[in-house]
Amino acid sequence: MSLDRDTVRRVAKLARISVNEDRLDDLGHDLNRILGFVEHLDEVDVSGVQPMTSVASQTLRWREDRVTDGGYPEKVTGNAPAADHDFFAVPRVVE
Amino acid sequence: MNLIEGATGPWEIVIGLEVHAQVSSNAKLFSGAATAFGAEPNSQVSFVDAGMPGMLPVINAWCVEQAVRTGMGLNAEINLRSVFDRKNYFYPDLPQGYQISQYKQPVVGRGSVTIELSDGTVKVIGVERLHLEQDAGKSLHDQHPSMSYVDLNRSGVALMEIVSDPDMRSAEEASAYVEKLRQIVLYLGTCDAVMAEGSMRADVNVSVRRPGEGFGTRCEIKNVNSMRFIRQAIEYEARRQIAIIEDGGKIDQETRLFDPNKGETRSMRSKEEAHDYRYFPDPDLLPLELDPAWVEGIRASLPELPDAKKARFVAEYGLSDYDARTLVSDRASADYYEAVAKGRDAKLACNWVTTDLFGHLNKDGKTIGDSPVSAAQLGQLIDRIVDRTISGRLAKEVFELMWETGRDPDAIIEEKGLKQVTDTGAIAAVVDRVIAENPDKVAEVQGGKEKLLGWFTGQVMKLSGGKANPQAVNDILRAKILGG
Amino acid sequence: MTDLNELTLAQARDGLARGDFTSVELTAACIAAVEAARPLNAFITETPEKALAMAKASDERRASGTVGLMEGLPLGIKDLFCTEGVLTTAASHILDGFHPPYESSVTTRLWSEGAVMLGKLNMDEFAMGSSNETSYYGNVVNPWVPEGDNRRYVPGGSSGGSAAAVAARAVLAATGTDTGGSIRQPAAFAGIVGAKPTYGRCSRFGIVAFASSLDQAGPMTRDVRDAAIMLRAMAGFDPKDSTSVDMAVPDFETALDGDVRGLKIGVPAEYRVDGMPAEIERLWHQGEAWLKDAGAEIVPISLPHTKYALPTYYIVAPAEASSNLARYDGMRYGLRVPGKDLVETYEGTRAAGFGAEVQRRIMIGTYVLSAGYYDAYYLKAQKVRTLILRDFQQAFQGVDAILTPTAPSAAFAFGEKSGDPVAMYLNDVFTVPASLAGLPGMSVPAGLSATGMPMGLQVLAPAFDEMTMFRVGAALERAAGFDARPAKWWVS
């Protein structure tokens, strides 16, 4: 399998990373090299094998329904590139 | 069949709903931040909810339990093993860049909901699944000319997404379905279902087709948050689609937004791009495994649900289908009714509750929870009618006073001296007086105009200030005039 | 007193206990060594004032009779651990100016055991790399250089700053994180000890995530004893991490008698890879001989799916990373490169904020999870992972630990492998399988290459049996008697 320019462009779009047109081929080459490498897995027979979920065969631990966190809007927005009155300010979202 | 007439013939609407019901919980699904409605911006946000680096989710047991309870309310399979997946997409109100949801293995599988329409038709709507997921934050677009403001208080709040089959064929069916879901979650106490606060909202999938044909292309109308809007959105969207097809056009599968001000749906530009959510199991969480004994413990503790309660009301109290349905529409009303009906004439109790009490509640815009008349008081009033302390007519007056003052009926009857006169001697004296004053009318009655007896009854009642027992008055009048 | 920074954790712990010196004196010596080692570029952020304040507080605690496991011991912290109020970057431009308002659970444990923070250590960006050539803050330089070679050598990665700072004696020890070998491989390249515990031993809370199902913190130290001391302080159940294991943490130091008599040590045939340098192979045989001499039994074993470990890893890790790194979007913290609209802001921010290797891995991860490819790549890889785990579980039915080389070569010079991403990935061929299986593994310095560069041997143990890992590691260390030091060329 190999990635053409359109696929690289689509993947970059999905990943929200702008890629200049002149970089598409190089990037495609690198990605194809990696994909070619991982495609060795095609040789493995995994019929009847469950995907791995956890090393320790643990079960999910539950917590109680108690309010133990929050109440610090200034800390939440303290690192924001733009904030106003404890809101995050972001480029306008058009719906 | 529910059809709408287009320019070129009849069309059938096909509707499926994805209802998001917020779990009534103190804290969020994966963090310890609070969930209360209307808090100051970002004041109910933990670092987990803000998608800060290195933050990890830990699941809230209560939310799992409420999903299981709700699933049981939908007569659904409970999956003892389910998996949390990440649904990846970028949006400013989605701080992690993914929503933790359940994709291939939801906690609740197939179930069903029975709805009843205004013409009495009963229909079963299939439920495909119920899964747990996180809510996103909220973007405000009117605070700044060029920026949107993001408040993450809702980010991470637990939602139960209840997905129906495309089984509904009209706006009425869709709203009956949502109303029934509301009843069920309210009975279970798993969700507040306050649509105005967003604790219950629906994504509505609408398509149209010629009767008998396969499904058409559907549009999804996002986040419709009132019953009225659900109906309006469906009506508008169906007509829009029919018009396009009848003009020779094709429906684009797309996400649309309902504009309540215009009563229209419109395409969401921000969601134009093809979605590819890249679901995969969240590696920060392990599969959710439920102990069968725990699940059965929940089943054993479920309250009686609306359908079962209604059937019981019909069987046990002899109520009409309609009355039973009215009474079970919410749990508090049903409980109130049962408290009134217990050990009394069940139908009389039903009349008082559905007519007088509900009438007053409606008029004053009150819920049963803030009724000034308690079930015990209403029961006492009914007892006074049955034991003939007061007449049914006077009882209405007493009820008015109870509504205004919240006092017991006995106290009001005593204070106002409304106690019915049943002493036949006293009544006979009044009857004698009326007979003596109206010899011509007596003659008319005796001449065969028995209808006039009613006039005599009225006169006697009037003179007794309404307190005379009407039956006793009637009996004495008959005896004295007709020599019965 | 100028040589206090040369002490091991155990020596410093004992010296502090005897009152030979104070934590402030020890810390001051380290601060001076950190400054002197700046040519190595091991630190992104030095925190000398904080270090001295913490040291002073430690001395006061000691005076009042409170002594934690790491009392007064100055450490470097990999810049993947969030440290409250102290710049945390993951060596990425995209976290510009990020000062976490919270502390990672592992560092919280270290501070509550009395440790002192000297600063935040350089690394590969988001821990993606095996040579520390992907940091936004520049390459970390390995203190080791072959004699007569005027090139500079990589320290390995991703915990390259940690490895270099420990090897240069600038810090007594450092935290690392290991996703596919990021503790063990740089430890081998820098001639120090690096231990990755079982997945679930150390909390991941507050560690910038790379690949959640693989990431695990661990100690990077001068010797095996120090690793045992420090891991005990770092490990432990954390209710804030759903994958943390609720299991008692043993006193690993008690395993250090080096008594491996009767232990069965597996040697996997599949690790004898094509093109492995003869000196690595020789070192491995030497390791077998040492353990045999110490009374262990060497058992040939087979881990049949070994060759699929790297391809599996390079699906699973990028897939998880592509999702874990979605939060770096310029909205709530870090870099924002404003564009004409939201999408342009996202794309510009992430293009400018992430380096080339991170972008590559995000894109690979995005691709393998995308519609139509999930089953073929991610699901398949997670199934192969089950087979890899099964290989180990079967092997551990017959052996107590496994011995392998840590890396297929000694450290290489800058630029030697940076042209081809796959050539770089092959560095992790021996460390990745245990990462996929979640097993504990450690690298112990065992010898020098022909050019005088350090090489390490890796010990793998069954899940949650770090005691056996340390026991075997201690035996190797004793037999190897590794006491070489890099020449201090960076001190002017």
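In the predicted model described here, strand β1 (residues 3-6) of chain B pairs with strand β2 (residues 9-22) of chain B in the antiparallel sense over 4 bridges, where strands are DSSP runs of E of at least two residues and helices are runs of H or I of at least four residues, both numbered from the N terminus, and where two strands count as paired if DSSP finds at least two bridges between them. A hairpin of 2 residues joins β1(B) to β2(B), and B:Gly6 stands opposite B:Gly9 in β2(B). Residues are numbered from 1 along each chain as its sequence is written, while chains are lettered from A and ligands numbered from 1 in the order in which they are written. Because this is a predicted model, local features need pLDDT of at least 70 and side-chain atom pairs count only at pLDDT 80 or more, whereas totals for chains, interfaces and linings use all residues.

In chain C, an open sheet of 11 strands with mixed pairing has the order β1-β3-β2-β4-β6-β5-β10-β11-β9-β7-β8. Its edges are formed by β1 (43-46) and β8 (297-301) of chain C, each of which has a single partner strand, so that one side of each is left without a neighbour in the sheet. From one strand to the next, the twist averages 30°, with axes taken as lines fitted to C-alpha atoms, for helices over the stretch in contact, and angles running from 0 to 180 degrees between N-to-C directions. Strand β7 (residues 264-268) of chain C runs parallel to β8(C), to which 5 bridges join it, and C:Ile265 stands opposite C:Ile298 in β8(C). Helix α12(C) packs on the sheet, where it touches β7, β8 and β9 (401-405) of chain C, and its direction makes about 145° with that of β8(C).

The contact between chains C and A takes 53 residues from chain C and 36 residues from chain A, two residues being in contact if their C-beta atoms, placed from the backbone, lie within 7 Å. On the side of chain C that touches chain A, the largest share, 10 residues, comes from α12(C).
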